[in-house]
Amino acid sequence: MKNINDVEIAIVGAGIVGIATAYYLCRKYQRKSVLLIDSRDPMSYTSAQSGDNYRNWWPSPLMTSFTNHSISLMQDIARESHNVLQMKQRGYALATRRPDIDDLLATLESNYGSSDGLLRIHTASASSAYAEPYNENWLSAIDGVDVLSNKELIQRTFPAFDSNVEHVLHVRRAGTISGQQMGAYMLEQVKPLGCNRLRGHVESIVRGDDRYTLELSTQEGILSFKADTIINAAGPYVGSIAEMLGVTLPVENVFHQKVAFEDRLQAVPRNQPFAIDLDEITLDWREDERIALEEDSDLSWLTKPIAGGIHCRPEGAGRWIKLGWAYNRKISQPDNNQPLIDDPAYDANFPELVIRGAARLNPKLKPYIEGIPKGRVHYGGYYTMTQENWPLIGPLDNNGAFIAGALSGFGSMGACAAGSLCASWVCEGELPDYAEALTLKRYNDPALLAEMSATNIGLL
Ligand SMILES: Cc1cc2nc3c(=O)[nH]c(=O)nc-3n(C[C@H](O)[C@H](O)[C@H](O)COP(=O)(O)OP(=O)(O)OC[C@H]3O[C@@H](n4cnc5c(N)ncnc54)[C@H](O)[C@@H]3O)c2cc1C
């Protein structure tokens, strides 16, 4: 075994969350001895699978505050870097056919209603107060939510949408970034400030009298060194790293998939924002297909109502579109020795299912059901999540171990807030109001437990 130099702070995981934590430790708190450890290339695991969408729309006000803070931090980076992270802000369009949306309005009221003019309801067929989603420049983008409750206005603004849509919630502080560009920029910034990287697999972490000893397997053999502080940012493996420290985390991994293909039929207008069908759906099947599915115990669920949340957005400057649907609820454990591309959790039926689902909101997608596009890219990765779908950020033990993890399907948009918050815990900086609620302590707080179990988890 070879010993290498000890460090002040060792971060396990160089995905977007570990990198963002290093960025705030070095940039905000001037820490000069930070080591980012990963057995893979930076940003190459879950962070490489992200759809890179961001939003401040959440059923829980806490998550709205958390992502709002993250978006502001991303805007700081966009400002100082000539928008190296390619931030675009056309909003999210959430569509429903339900006539009564009092529950959705109540959530919007609690999240946006406290500030004047952030919740705007449009019931007429034309509204000069409504800014259409055609501008994607984040610098001039507006905040808040526009609720379109007039079918004529909806059809004019979103001509590809199903004509039965009764309401569209157009969330304005939402859009896309390039997570890979953001990660690369942060790495570039922290390098001269004292952040080094080490390629290796963390095999063990042992707490000694005053510091942690880490053992890593690397190409050069087993390496060992000591660190005052450990940050667990190991993505789907936060549970395994926490176990090394004697802590069991309430996190689960669930595999989620996306499909992208060239929209040669031009079914989705290029200026359509990220669009989400909120309604529960029962998929359309031919009678013979339905009977066959009902007879198969593994597939009969496909004939029953399924939770909504099917989403679709134009991708890039060409004609590609990207579709997703987080219908999977099965917990599975990824294999750290296997690339995600070979993960057994892939569902070969996913491309067809998501196209079937998305064709309800965008009926022009229907021809793709019979001819699933051949050049499609089907990819996926793990949402590492707590049951309430809030992240875990803060102390992991009382000795100098911290976590920045469980960022589920919001880790690209949440990385800046997570990294900045974790750095503030480590460096005893100022903490936002929601800081305690994102630590393990929340499970001992009856009021928070009640709030968590009563709130929709906002999974997309
Ligand atoms: C299909 C899909 C779509 C998504 N879309 C979006 C989206 O639109 N918007 C959004 O905000 N988020 C999205 N997400 C979520 C986002 O991608 C994740 O939340 C985020 O990438 C998690 O980052 P991370 O740094 O925690 O994990 P990772 O990127 O997985 O990084 C963890 C790193 O830890 C390393 N590691 C683990 N164990 C060890 C060990 N023992 N030794 C050394 N290294 C180790 C791994 O190699 C890995 O590189 C999506 C996720 C998926 C799967």
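Reader: Let's start with helix 1 and helix 5: is their crossing left-handed or right-handed?

Author: Keep in mind that this is a predicted model. The crossing of helix 1 with helix 5 is left-handed. Helix 1 covers residues 16-27 and helix 5 covers residues 179-190, and they pack at an angle of about 35° with their axes 9 Å apart.

Reader: Which residues of helix 1 and helix 5 meet there?

Author: From helix 1 you get I16, I19, A20, A22, Y23, C26 and R27, and they meet G179, G183, M186, L187, Q189 and V190 of helix 5.

Reader: Now zoom out for me. How is the protein chain divided into domains?

Author: There's domain 1 (2-52 + 179-250 + 387-454) and domain 2 (92-175 + 253-385). Their C-alpha centres lie 31 Å apart.

Reader: On to strands. Which way do the residues of strand 8 point?

Author: The general idea is that side chains in a regular strand alternate between the two faces of the sheet. In strand 8 (residues 167-171), H167, L169 and V171 point one way, while V168 and H170 point the other way. Five of the five residues in strand 8 are buried.

Reader: What pairs with strand 8?

Author: Strand 5 (residues 92-96) pairs with strand 8 in the antiparallel sense over five bridges. Strand 7 (residues 145-148) also runs antiparallel to strand 8, joined by four bridges. Look at L169: this residue is the bridge partner of L94, and V147 stands opposite L169 too.

Reader: Why is strand 17 largely enclosed?

Author: Strand 17 (residues 320-324) is largely enclosed by the rest of the structure because four of its five residues are buried. Strand 14 (residues 252-262) pairs with strand 17 in the antiparallel sense over five bridges, with V259 partnering L323. Strand 16 (residues 310-315) is antiparallel to strand 17 as well, over five bridges, and P314 has I321 as its bridge partner.

Reader: What lies between strand 16 and strand 17 in their hairpin?

Author: Four residues lie between the strands, and in this hairpin G316 takes a positive phi near 70°.

Conventions:
Residues numbered from 1 in each chain as written. Predicted model: local features only at pLDDT ≥ 70, side-chain atom pairs only at ≥ 80, totals over all residues. Axes fitted to C-alpha atoms, helices over the stretch in contact; angles between N-to-C directions. Helix = DSSP H or I, 4+ residues; strand = E, 2+ residues; numbered from the N terminus. Left-handed = near helix turned anticlockwise from the far one by under 90°. Contact = placed C-beta atoms within 7 Å. Domains from an automatic or database assignment. Buried ≥ 20, exposed ≤ 12 C-beta atoms within 10 Å, placed from the backbone. Pairing = 2+ DSSP bridges.
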